[in-house]
Amino acid sequence: MTKDEVRRELLARRRERPDDDRWRDAAALAAALPGVLDELGADPQRPVCLHVPVRREPGAAPDGAVPVLDAAVALGRHVLLPVTVGEAPLDWAVFGGRADLVPGPHGLLEPGGARRGPAAIGEATVVVVPALAATAAGVRLGRGGGHYDRSLPLASPTTLLVALVGDDELVAELPAEPHDVLVHAVWRPTAGLLRTGAPGTP
Ligand SMILES: Nc1nc2c(c(=O)[nH]1)N(C=O)[C@@H](CNc1ccc(C(=O)N[C@@H](CCC(=O)O)C(=O)O)cc1)CN2
Ligand SMILES: Nc1ncnc2c1ncn2[C@@H]1O[C@H](COP(=O)(O)OP(=O)(O)OP(=O)(O)O)[C@@H](O)[C@H]1O
């Protein structure tokens, strides 16, 4: 199957996901965040890159709340969120709370504050990357914009890349291309964290 065919199947499955599961996933991710950061050995002095889930991505409750972002702030973490700028690598800005978020492209919510530039991802200790699915070897499939593919090469060699997928989105195989950057771990709401063994995995 092509990447687009696999995306269509995965998006169709997400649309079927009952609201109850989405509430549960959003709460489970927030509850798991401190343990996940510990398990990864995330440096408390360095920022964490998260994202505001869009549509049926795991992390957003059906009412739009994103408890995992609030949990990160409550832990005293410095949180960076992506700002999508055309075909360029993602820009980054600090998450200061829900009131900061403004509408962006593709129905996204983005931080409205000062942009730190695409290289800010290089300061992050952990980058949680949205994905439609991932494999145990660390291959991830995104929405096809190539935004994270262009940004992840700007992360530091010590940055841990974590794909965030639903519990049923760890799959045996995905089509991969040479530009696809492998992630070090796959995080699922209920199933937790799986290290992939990609180079640089802790
Ligand atoms: N939460 C989140 N933030 C993100 C991404 C992401 O996948 N998820 N991106 C990842 O690179 C970048 C933005 N790129 C995106 C590209 C397409 C769609 C999207 O929802 N597309 C619809 C098609 C309709 C449309 O484009 O409006 C879809 O796939 O159903 C979302 C984000 C940066 N921020
Ligand atoms: N490092 C890169 N530099 C320039 N273009 C790139 C790079 N990586 C990917 N692209 C382009 O981006 C497009 C989408 O790539 P791909 O299908 O792998 O996206 P994705 O990983 O699913 O999406 P995303 O990274 O946004 O979540 C392709 O046309 C690809 O050629």
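Modeller: Happy to! A word on confidence comes before the details. This is a predicted model, with ipTM 0.93 and pTM 0.96. The mean pLDDT of the chain is 96, and 100% of its residues reach 70 or more.

Let's take strand β9, which covers residues 160-164. Five of its five residues are buried, so the strand is largely enclosed by the rest of the structure.

Strand β6, residues 126-130, pairs with β9 in the parallel sense over five bridges. If you want a landmark for that pairing, find Pro 130, which stands opposite Leu 164 of β9. Strand β10, residues 185-188, also runs parallel to β9 and is joined to it by three bridges. Here the landmark is Ala 163, whose bridge partner in β10 is Val 186.

Stepping on from β10, you reach strand β11, residues 192-195. This pairing is antiparallel and has four bridges, with Arg 188 partnered by Gly 192 in β11. The two strands are joined by a hairpin through three residues.

With those pieces in place, the whole sheet can be read off. It is an open sheet of seven strands in the order β3-β2-β1-β6-β9-β10-β11, and its pairing is mixed. The edges are held by β3 (91-94) and β11; each has a single partner strand, so one side of each is left without a neighbour in the sheet.

Leaving aside neighbours within four places in sequence, its contacts include Val 126, Val 127, Val 128 and Val 129. Val 183, His 184, Ala 185 and Trp 187 are also in contact with Val 162. Val 162 and Ala 163 are among the residues with the most contacts inside the largest nonpolar core, together with Val 126, Val 127 and Val 129. That core has 53 residues, and its largest share, six residues, comes from helix α2 (residues 19-39).

Leaving aside neighbours within four places in sequence, Ala 30 is in contact with Pro 67, Val 68, Asp 70 and Ala 71. For a sense of distance, the C-alpha atoms of Ala 30 and Tyr 148 are separated by 23 Å, and these two residues are 118 apart along the chain.

Tyr 148 brings us to the ligands. Around ligand 2 there are 14 residues, and Tyr 148 is one of the nearest, along with Gly 142, Gly 146, Asp 149 and His 179. Helix α4 (residues 147-151) gives the most to this shell, with four residues. By class, the shell has two nonpolar, six polar and six charged residues.

Ligand 1 is surrounded by 19 residues. The shell around ligand 1 has nine nonpolar, seven polar and three charged residues.

Finally, two residues have backbone angles worth checking on screen. His 106 lies in the loop between β4 (101-103) and β5 (109-111). Its phi is near 60°, a positive value in a residue other than glycine, and His 106 is exposed, with 11 other C-beta atoms within 10 Å. Arg 55 sits in the loop between β1 and α3 (67-74). Arg 55 is not a glycine either, yet has a positive phi of about 50°, and it is exposed, with 12 other C-beta atoms within 10 Å.

Note on methods: Residues are numbered from 1 along each chain as its sequence is written. Chains are lettered from A and ligands numbered from 1 in the order in which they are written. This is a predicted model: local features need pLDDT of at least 70, side-chain atom pairs count only at pLDDT 80 or more; totals for chains, interfaces and linings use all residues. A residue is near a molecule or strand if its C-beta atom, placed from the backbone, lies within 6 Å of it. Ala, Val, Leu, Ile, Met, Phe, Trp, Tyr, Cys and Pro count as nonpolar, Asp, Glu, Lys and Arg as charged, and the others, Gly among them, as polar. A nonpolar core is a set of buried Ala, Val, Leu, Ile, Met, Phe, Trp, Tyr and Cys residues joined through C-beta atoms within 7 Å. A residue is buried if 20 or more other C-beta atoms lie within 10 Å of its own, exposed if 12 or fewer, and partly exposed in between; C-beta atoms are placed from the backbone. Two residues are in contact if their C-beta atoms, placed from the backbone, lie within 7 Å. pLDDT is the predictor's confidence in each residue, from 0 to 100. Two strands pair if DSSP finds at least two bridges between them.
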